[in-house]
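Colleague: Please take a close look at one part of this model, starting at its surface and working on from there. Give the cut-offs as you go.

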Amino acid sequence: MKPTRGITLIELLTVIAIIAILSAIILPVLARAKDSAYRGGDIQHMNELRTALQLYRADNGAYPPAILGYASVYMTGANMGQIIPANLYPGHLYSKRVPSLESFRPAYDRVDPSAVTMALWPNQDPRAAGTAPALDLDGDGDIDAADDPANARQAFGPATTVLAESPLPASPCAGGAAAVEACFYRISGYDVAEERVPGSGVTRTTLRYSRFWSSWGLGGGNAMDDPRQLGYDNPPENTVITWNGYFRDYSGGDVSHTKKDIVLFLSGAARTYDSKDAFERSWRVLP
């Protein structure tokens, strides 16, 4: 009988090394493929939301104060005082114009439909007023420093909590008290979203959709205000509706200048955008 030959230690280590090498090659490829699929799905959903928002505006004469709607509680019945889950909430777009709640949830947003949150305002453009004009606001035919007044800039930053446009009788974020701070469903990642604070290792929840964001806009309007706000009549096509920062890269704790964010403009399809610019400038980014 022919004797059997066992595997040697060197052969075993060689096999393990080959498996490790193949895993190191294959796993990043699979991760990139998953990331690409998630990105494609999010872009599709953002475009669906844009279409639904346009239909809402055609029917109601204005854009809604929130994409999904402020979170609420049952006011009567056996569930009185409990949070109405997002999948049972008759929102501005769901479920009449957008039948699936998944369209409101970015792929990397893995929260329960009943989870609610307050939010902070996103970052304000760090460039000084007067240094980054975008439109001819004063109508003199030139785009210069006079077209970038401070009051046409974003009024609040991450130190300020977002207040509700139209407070509800009760808010699940305020423990049943009258709703002053806006309370959002966390699943609605295009209303609000978690983002990493560079260099701190912590996250914060910031606003992504607002009809008005400038000092003048929030204060009643002005002829010299930035018209790229959904609350004004006929905002221009380069108006930002919302953005998706779940795909960002970070380097040294800071947001990288890579085109990983997805910004939805009023003009059409959602598009990839420089993450650091979107993070720093919020609604002031341009196509």
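**The nonpolar patch and beyond**

Modeller: I7, L9, L12, L13, V15, I16 and I19 make a nonpolar surface patch of about 670 Å². The model is predicted, so local features need pLDDT of at least 70 and side-chain atom pairs count only at pLDDT 80 or more, while totals for chains, interfaces and linings use all residues. Residues are numbered from 1 along each chain as its sequence is written, and side-chain values use heavy atoms, with hydrogens and water left out.

A patch takes residues with over 30% relative accessible area and no salt bridge, joining like charges within 9 Å and nonpolar side chains (Val, Leu, Ile, Met, Phe, Trp, Tyr) within 5 Å. A salt bridge is a Lys or Arg side-chain nitrogen within 4 Å of an Asp or Glu carboxyl oxygen. Areas come from the Shrake-Rupley method with a 1.4 Å probe; for residues, only the protein chains shown count as cover.

I19 is partly exposed, at 48% relative accessible area, where buried means under 20% and exposed over 50%.

Elsewhere, C183 counts as buried, at 3% relative accessibility. C183 and C173 form a disulfide, with sulfur atoms 2.0 Å apart (the cut-off is within 2.5 Å). The torsion about their S-S bond is about 70°, so the disulfide is right-handed. C173 and C183 are ten residues apart, each in the loop between β1 (116-117) and β2 (184-185).

Notes. Buried < 20%, exposed > 50% of the residue type's maximum accessible area, 1.4 Å probe, protein only. Helix = DSSP H or I, 4+ residues; strand = E, 2+ residues; numbered from the N terminus.
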